[in-house]
Amino acid sequence: MIEKIKKFINKRPEVVAAYGYGSGIFKQSGYTNNDKPQIDLILVVEDLKKWHKENMKLNKKDYSMTGKVFFENAKISQLKGLTGITYVSNIKEDGNIFKYGTIEEKDLIENLETWKSFYMAGRFQKTIYPIKESERLIQAISKNRENALLVSTYLQDKEEVDSKDIYVTLCSLSYLGDTRMKFAENPRKVLNIVEGSFDELNKIYNVDDKVKINREKLKDDLRKLPKELLEYISDSLDSDDDIIRQKIIEYFTQLNKKESATQTIKGIYTNGISRSIDYASKKMAKRFKK
């Protein structure tokens, strides 16, 4: 499968880095051996507009008619939107269906380090398969995960928890407030991710089976959190844990709600109505799958 993915990427313009993720790369519970999930990719580029301009010459079939018009005429601010990443989906090649998002390296690093946008930061807190990397991204991803583990541990309301409790909280951060979770996504999505990728998550975070919560230390460490979240909760840092936890959840819920809604709308422009409906229908099928 990885060779197919590399072949797919090599047919497109040069990228700074590339990552695979999701059920097409990593096993998730809820899927059978007969299922053939879409292959999800993130392609990190230097210049978003330039990359797509070149790719439209090399791989016209990547784009719907609406997508071609959008990529040719949209301003860079419209291409990036709130999240920095732009997706094209339902690309059939070599017997597989691909979806890939493109994002500029500087935007991805900024989002990983500041949590100004959580759309990609949340993605990189879960399991990803590095196909090509840069040193700057490796460092930013590591710091992003360190902060995610801190938040997820602090959000626990018990004095002792299992590693699975922390991983479920961690993987759910990017879904708090996500509008798609109400309609299109499988309600067991987070559990499926954790149960299917538990060993990979352990390799990343190395959390003990049983974790005793040191609230005093965790509260001190909150001052090291990414700039945007820290500013949001700063007025509450001297409050009780319950109030701070509520503020943290509020931050993610509001940010994810706004970003998921705008990203969905942007997807219609980049993929067209037909591809968007096809993609949404597959999501709906997964949601109601027994």
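A residue counts as buried under 20% relative accessible area, as exposed over 50%, and as partly exposed in between, with a 1.4 Å probe and protein chains only. The model is predicted, so local features need pLDDT of at least 70 and side-chain atom pairs count only at pLDDT 80 or more, while totals for chains, interfaces and linings use all residues. Residues are numbered from 1 along each chain as its sequence is written, and side-chain values use heavy atoms, with hydrogens and water left out.

Helices (H or I, at least four residues) and strands (E, at least two) are DSSP runs, numbered from the N terminus. Two strands pair if DSSP finds at least two bridges between them. By these criteria, five strands form an open sheet with mixed pairing, in the order β3-β4-β2-β1-β5. Its edge strands, β3 (86-93) and β5 (129-132), each pair on one side only. Between neighbouring strands of this sheet the average turn is 25°, direction ignored.

With β3, the pairing of β4 is antiparallel over six bridges. Here Val88 stands opposite Tyr100 in β4, and Glu93 stands opposite Asn96 in β4. The hairpin of β3 and β4 has two residues between the strands, and Asp94 in this hairpin takes a positive phi near 55°. With β2, β4 pairs in the parallel sense over seven bridges, and Ile103 in β4 is the bridge partner of Val44. Helix α5 (residues 105-114) lies across β2 (39-45) and β4, and runs at about 80° to β4; contact means heavy atoms within 4.5 Å. Axes are lines fitted to C-alpha atoms, for helices over the stretch in contact, and angles run from 0 to 180 degrees between N-to-C directions. Strand β4 is largely enclosed by the rest of the structure, because eight of its nine residues are buried.

The aromatic residues come next. Rings of Phe, Tyr and Trp (its six-membered ring) pair if their centres lie within 6.5 Å; planes under 30 degrees apart count as stacked, over 60 as edge-to-face and the rest as tilted. The whole structure holds 14 aromatic pairs. One of them joins Trp51 and Tyr100 edge-to-face, at 5.8 Å centre to centre and 75° between the planes. This pair links distant parts of the chain, with Trp51 in helix α2 (residues 48-58) and Tyr100 in strand β4 (residues 96-104), 49 residues apart. Trp51 counts as buried because its relative accessibility is 4%, and Tyr100 counts as buried at 0%. The pair of Tyr167 and Tyr205 is tilted, because the planes are at 45°, with ring centres 6.2 Å apart. Tyr167 lies in helix α8 (residues 163-172) and Tyr205 in helix α11 (residues 198-205), 38 residues apart. Tyr167 is buried at 0% relative accessible area, and Tyr205 is buried at 8%.

Ring pairs also link Trp115, Phe118, Tyr232, Tyr251 and Phe252 into a cluster. Lys247 lies over the face of Tyr232, 4.3 Å from the ring centre. A charge sits over a ring if NZ of Lys or CZ of Arg is within 6 Å of the ring centre and within 35 degrees of the ring normal.

Thr262 lies in helix α14 (residues 241-287). Thr262 is partly exposed, because its relative accessible area is 32%. Thr83 is 179 residues from Thr262 in sequence, yet the two are 8.9 Å apart in space, C-alpha to C-alpha.
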